[in-house]
Amino acid sequence: MTSMPASERIGSYIKRAEQALSAAKNAALKPAGLTVAQYAALLHLGENPGISAAALARLCGVTPPTMNTVLTNLQDREYIERTPHEWHRNVLEIRITDEGAAVLKQADAAAVRVERTLATEFTEAERNTLLDLFTRCADALDAIRPEQPAAKKK
């Protein structure tokens, strides 16, 4: 037996809600032909044209290798283009194409319906409280996460 029952583990409730949201968004985005990760990348690219893959990965909450896979898939479908930065040739700037913007518009309408449906389950005060509580959860967990070891020098 463990020292904390599953019913008292806040993380289990957060994970259940996250999985339900992800499943609802996956279903909503399917007609647009996008995954949640692809949609998130296009959404952030629409707001941050020219962003790097590393910065986009941070915004989307995924690892750089995962983001690279997402971007390759989006580029293969001609939803994005990657071009060398004007001053930093080893940095690729990523921009959404017109076709990508059209797909994003369709997908965003579906994703917004999911978000609005979820929001209607709460009063405005409850939504504000929920957002504050999730922010506190993230801040508390960020504070206890061990620092990443510094890269080894050669």
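Biologist: Which residues does L74 touch, not counting residues up to four places away in sequence?

Modeller: In this predicted model, L74 touches L34, Q38, A41, L42, Y79 and I80, leaving out residues up to four places away in sequence. L74 itself sits in helix α4.

Biologist: Why is L74 called buried?

Modeller: Buried means under 20% relative accessible area. L74 has 0% relative accessibility, so L74 counts as buried.

Biologist: And why does H44 count as buried or exposed?

Modeller: H44 lies in helix α2, and its relative accessibility is 18%. The limit for buried is under 20%, so H44 counts as buried. Beyond its neighbours within four places in sequence, H44 is in contact with L56, L59 and C60.

Biologist: Which other residues of α2 are buried, and what covers them?

Modeller: Along with H44, the buried residues in α2 are Q38, Y39, A41, L42 and L45. Their cover includes the helices α1 (10-29), α3, α4 and α5, together with the strands β1 (80-84) and β2 (92-96).

Biologist: How do you know that the span of α2 is close to the expected one?

Modeller: Set the two values side by side: α2, with 12 residues, reaches 17 Å from its first C-alpha to its last, and 16 Å is expected at 1.5 Å a residue. The span is therefore close to expectation.

Biologist: What makes a set of residues a nonpolar core, and which members touch the most others here?

Modeller: The members must be buried residues of the nonpolar kinds, joined through side-chain atoms within 4.5 Å. The largest such core has 23 residues, and L34, L56, M67, L71 and L74 touch the most other members. Helices α2 (36-47), α3 (53-60), α4 (64-76) and α5 (98-119) each supply at least two residues of this core. As a general point, nonpolar side chains in soluble globular proteins tend to be buried together.

Biologist: What does L34 touch, not counting residues up to four places away in sequence?

Modeller: L34 touches L29, Y39, L42, L74, R77, Y79, V103 and A107 on that count.

Biologist: Why is F134 called partly exposed?

Modeller: F134, in helix α6 (residues 124-144), has 40% relative accessibility. Buried is under 20% and exposed is over 50%, with partly exposed in between, so F134 counts as partly exposed.

Biologist: How far apart are L74 and N128 in space?

Modeller: They are 34 Å apart, C-alpha to C-alpha, and 54 residues apart in sequence.

Methods: Residues numbered from 1 in each chain as written. Predicted model: local features only at pLDDT ≥ 70, side-chain atom pairs only at ≥ 80, totals over all residues. Heavy atoms only, no water. Buried < 20%, exposed > 50% of the residue type's maximum accessible area, 1.4 Å probe, protein only. Helix = DSSP H or I, 4+ residues; strand = E, 2+ residues; numbered from the N terminus. Contact = heavy atoms within 4.5 Å.
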